[in-house]
Amino acid sequence: MVPPVQVSPLIKTARWSALIAGIIYGKRRYDHLKPIAAEERRIEEEEKKIREEKERIAKELAEASEDTILK
């Protein structure tokens, strides 16, 4: 086997700098998007409750109309 090649200190520094910059960017981006996602989840929950309530009312109306037709 061939012994490993010495990597230039400039390349090592650039790799570590890119890694650290990526971690910092990811953390900042996550902190920016987290409240937006929480708000979207809250809105989706409200819409789901409204949708379920409408479905429940529609089902009750359908059952009531069925009962009146059968009588």
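**View 1. Arg 56 is partly exposed, with a relative accessible area of 38%.** Here, buried means under 20% relative accessible area, exposed means over 50%, and partly exposed lies in between (1.4 Å probe, protein chains only). The model is predicted: local features need pLDDT of at least 70, side-chain atom pairs count only at pLDDT 80 or more, and totals for chains, interfaces and linings use all residues. Residues are numbered from 1 along each chain as its sequence is written, and side-chain values use heavy atoms, without hydrogens or water.

Which residue meets the side chain of Arg 56 in a salt bridge? The partner is Glu 53, at 2.3 Å from N to O. A salt bridge is a side-chain nitrogen of Lys or Arg within 4 Å of a carboxyl oxygen of Asp or Glu. Glu 53 is partly exposed too, and its relative accessible area is 36%. The two residues are three apart in helix H1, so about one helical turn separates Glu 53 from Arg 56. Elsewhere, salt bridges with shared partners link Glu 39, Arg 42 and Glu 46 into one network.

**View 2. Glu 39 and Arg 42 form a salt bridge.** Their closest N and O atoms are 2.4 Å apart. Glu 39 and Arg 42 sit three residues apart in helix H1, so they are separated by about one helical turn. Glu 39 has a relative accessible area of 36%, so it counts as partly exposed. Arg 42 reaches 39% and is partly exposed as well.

**View 3. Glu 44 and Arg 51 meet through their side chains in a salt bridge.** The N to O distance is 3.9 Å. Arg 51 shows 39% relative accessible area and is therefore partly exposed. Glu 44, at 42%, is partly exposed. In total, the structure holds six salt bridges.

**View 4. Five residues make a nonpolar patch on the surface: Trp 16, Leu 19, Ile 20, Ile 23 and Ile 24.** Patch residues have over 30% relative accessible area and no salt bridge; like charges are joined within 9 Å, nonpolar side chains (Val, Leu, Ile, Met, Phe, Trp, Tyr) within 5 Å. Leu 19 has 43% relative accessibility, so it counts as partly exposed.

**View 5. Ile 43 and Lys 54 are 17 Å apart in space, C-alpha to C-alpha.** In sequence, 11 residues set them apart. Ile 43 lies in helix H1. Its relative accessibility is 35%, so Ile 43 is partly exposed.

**View 6. Pro 3 sits in the segment before H1.** Is Pro 3 buried or exposed? At 61% relative accessibility, Pro 3 counts as exposed. From Pro 3 to Lys 59 the C-alpha distance is 75 Å. The pair is 56 residues apart in sequence.

**View 7. The protein chain has one helix and zero strands.** Its radius of gyration is 30 Å, well over the 11 Å that the globule rule gives for 71 residues, so the chain is more spread out than a compact globule. That radius is taken over C-alpha atoms, and the rule is 2.2 Å times the number of residues to the power 0.38. Helices (H or I, at least four residues) and strands (E, at least two) are DSSP runs, numbered from the N terminus. The C-alpha trace spans about 90 × 35 × 5 Å along its principal axes. Of the 71 residues, 0% count as buried. The chain exposes about 7100 Å², and carbon and sulfur atoms supply 64% of that.

Terms used:
Accessible areas come from the Shrake-Rupley method with a 1.4 Å probe; for residues, only the protein chains shown count as cover.
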